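Let's take a walk through this structure together, one piece at a time.

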Amino acid sequence: TKDWALDMAPKPVHAVVFLFPISEISEKHSQEQGDKLAAEGQTVAESLWYTKQTVGNACGTIGVLHAVANADGVPPAGWFAKFFEETKALSPEERAKALEGDQEIAGAHAAAEAAGETASQETVETHFICLVPKDGNLYELDGRKRFPINHGPCTDVLKDSSRVCQEFISRDANEVRFWMAALVG
């Protein structure tokens with residue numbers, strides 16, 4: 001992505017949600033990356049809110065949760081504020097269980113699906129992740145992964161996130177099913 005195009009986005013950018021195709025290439029990279037980081041270790045900010053994804057076809061919701069929970073300077077309200085307060089001391093696995101049992105979010109999903117805004121699919125071919133800055137580093141938050149991925153120093157959320165997104169695109173160059181959106185304001 002060209003810098004001039006990124007410069008047109010409203011500021012400040014707090015998080016980026018990115019959609020990519022699930023493929024043999026992406027799955028292989030994810031496994032290798034996880035194995036390497038598990039062996040070598042990485043720095044993960046203690047203030048980072050992260051949850052596992054245990055509900056099928058909920059990656060978009062998980063991506064939005066990660067964006068809102070970690071958006072510095074944008075206090076969550078309503079259901080988000082309540083859920084984050086109730087789960088702040090929980091592990092990522094416990095947060096996922098809390099989300100599974102949350103009737104309000106389940107009702108919202110059912111209403112959206114009934115209205116035709118979203119449809120469950122038997123075969124999931126794409127996946128949402130979130131990229132957020134925290135304590136000076138950019139993190140990839142993917143509820144399917146074992147842990148958050150630290151992508152290093154972050155000085156410009158949109159430009160640094162675009163660099164990570166470009167890495168996904170470059171790995172699977174014959175694909176076109178990529179999309180990104182930013183939480184701004």
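Helices here are DSSP runs of H or I with at least four residues, strands are DSSP runs of E with at least two, and both are numbered from the N terminus. What you are looking at is a predicted model, so local features need pLDDT of at least 70 and side-chain atom pairs count only at pLDDT 80 or more, while totals for chains, interfaces and linings use all residues. Residues are numbered from 1 along each chain as its sequence is written, and side-chain values use heavy atoms, with hydrogens and water left out.

Asp135 sits in the loop between strand 2 and strand 3 (137-141). Its phi is positive, about 50 degrees, although Asp135 is not a glycine. Is Asp135 buried or exposed? To sort that out we need cut-offs: buried means under 20% relative accessible area, exposed means over 50%, and partly exposed is in between (1.4 Å probe, protein chains only). Asp135 has 58% relative accessibility, so it counts as exposed.

Asn57 is another non-glycine with a positive phi, this time about 55 degrees. Look for Asn57 in the loop between helix 2 (24-40) and helix 3. With 37% relative accessibility, Asn57 counts as partly exposed. There's also a cis peptide bond to find, running from Lys11 to Pro12, with omega near -5 degrees. Pro12 is in the loop between helix 1 (3-7) and strand 1.

Now step along to Val13, which belongs to strand 1. Val13 is buried, at 11% relative accessibility. Who does Val13 touch, leaving aside its neighbours within four places in sequence? Taking contact to mean heavy atoms within 4.5 Å, the partners of Val13 are Val157, Leu158, Ala182, Leu183 and Val184. Thr51 is another matter: 38 residues from Val13 in sequence, with 22 Å between the two C-alpha atoms.

Next, turn to a pair of helices. Helix 3 (residues 59-70) packs against helix 4 (residues 78-87) at an angle of about 80 degrees, their axes 11 Å apart. For the record, axes are lines fitted to C-alpha atoms, for helices over the stretch in contact, and angles run from 0 to 180 degrees between N-to-C directions. Angles under 35 degrees count as roughly parallel, over 145 as roughly antiparallel, 65 to 115 as roughly perpendicular and the rest as oblique. Helix 3 and helix 4 are therefore roughly perpendicular to each other. On the helix 3 side, the contact uses Val64, Leu65, Val68 and Ala69, and helix 4 brings Trp79, Phe80 and Phe84. These residues divide into seven nonpolar, no polar and no charged. In that count, Ala, Val, Leu, Ile, Met, Phe, Trp, Tyr, Cys and Pro are nonpolar, Asp, Glu, Lys and Arg are charged, and the others, Gly among them, are polar.

Zoom in on Val68, which is found in helix 3. Val68 is buried, with 17% relative accessibility. Not counting residues up to four places away in sequence, Val68 touches Val74, Pro76, Phe80, Phe84 and Leu183. Val68 and His14 are 54 residues apart along the chain, yet their C-alpha atoms are separated by 8.6 Å.

What about the cores? A nonpolar core is a set of buried Ala, Val, Leu, Ile, Met, Phe, Trp, Tyr and Cys residues joined through side-chain atoms within 4.5 Å. The largest one has 15 residues, and those with the most contacts inside it are Phe18, Phe20, Leu131 and Phe168. Strand 1 (13-21), strand 2 (126-134) and helix 7 (157-171) are the elements that give two or more residues to this core. Helix 7 gives the most, with five. Phe168 touches Phe18, Phe20, Ile129, Glu140 and Phe178, not counting residues up to four places away in sequence. A second, separate core of 10 residues includes Ala67, Cys130, Tyr139 and Leu141.

Finally, the cysteines. How many disulfides are there? Counting a disulfide as a pair of cysteine sulfur atoms within 2.5 Å, the total is zero. The sulfur of Cys59 is 12 Å from the closest cysteine sulfur, in Cys130, which is too far for a bond. For Cys165 the closest cysteine sulfur is also in Cys130, 10 Å away, and that is too far for a bond as well. Cys59 is buried at 9% relative accessible area, and Cys165 is buried at 2%.
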